[in-house]
Amino acid sequence: MMNLDIQQAWCRHWVRERLDIQPSGSLVLLIVDAKNNGTGLTRKHRQAVSKLTTELRWHFSHPVFVLLSIVDGPLKNDSMSGIIDEHIHVENSTDLCGWVGAANSLLLLSSHAVSDPAVPILDTLSKIATAFRKPCNRVGLEDPSDSLARLDWERLHQAPSEACITDPRNASIDFVSATRMLEESLNAAKMHSETAETTATESGRRYGLRQAG
């Protein structure tokens, strides 16, 4: 099994070649789950993301902000242009794992409350970030002022060590296992979405409803 440090070094090389990031640059990865509605972040979130990136520029040397939208189809809009440096759409667990391995710091963006357990892929990413020794923050875009208040230097630049101490299984992980965890999470979310859609369709038929048009 390849050493985790070597794997992450390869990820950094892959991303820096792709984005032409200088060695002194910091890759700050903002991740959003855009699978459910196909829209990702909406225009009402633009101001929140703008405040976030403005604040982060004080914490990093030559930051490169990449918004990573997890999709299973095309996005309906791209309202973050001019705020972030790159907007990348990723639809498979291998690429998603590679981006996490390459990042200097991760921010998991959610339109739900930070404590909302309804976004399983973000929970999985948080666990993998800890195992990869990556600083990771959950940011609730509905209350950005509260989220910004918790973004201190240690949370941005140092991975939490408590989980590694209390649970040795989280101290290290290989990319195969991490990719499998992400794949399972993505599939579970897709199955949940398909089940909800089927239930809604069947409910509509039961009550004689039909789509407009």
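This report covers the sheet, the helices packed on it and the cysteines of a predicted model.

## The sheet

Five strands form an open sheet. Their order is β3-β2-β1-β4-β5, and the pairing is parallel. The edges are β3, residues 86–90, and β5, residues 136–140. Each edge strand pairs on one side only. From one strand to the next, the twist averages 25°.

Strand β1 spans residues 26–33, and β2 spans residues 63–70. Eight bridges join β1 and β2 in the parallel sense. At one of these positions, V32 has S69 of β2 as its bridge partner.

## Helices on the sheet

Helix α3 covers residues 93–102 and packs on the sheet.

## Cysteines

A disulfide is a covalent bond between the sulfur atoms of two cysteines. The count here is zero disulfides. For C97, the nearest cysteine sulfur is that of C11, 6.7 Å away. The cut-off is 2.5 Å between sulfur atoms, so C97 is in no disulfide.

C97 has a relative accessible area of 1% and is buried. C136 is buried as well, at 17%. Buried means under 20%, so the value of 17% puts C136 in that class.

Terms used. Residues numbered from 1 in each chain as written. Predicted model: local features only at pLDDT ≥ 70, side-chain atom pairs only at ≥ 80, totals over all residues. Heavy atoms only, no water. Buried < 20%, exposed > 50% of the residue type's maximum accessible area, 1.4 Å probe, protein only. Pairing = 2+ DSSP bridges. Helix = DSSP H or I, 4+ residues; strand = E, 2+ residues; numbered from the N terminus. Axes fitted to C-alpha atoms, helices over the stretch in contact; angles between N-to-C directions. Contact = heavy atoms within 4.5 Å.
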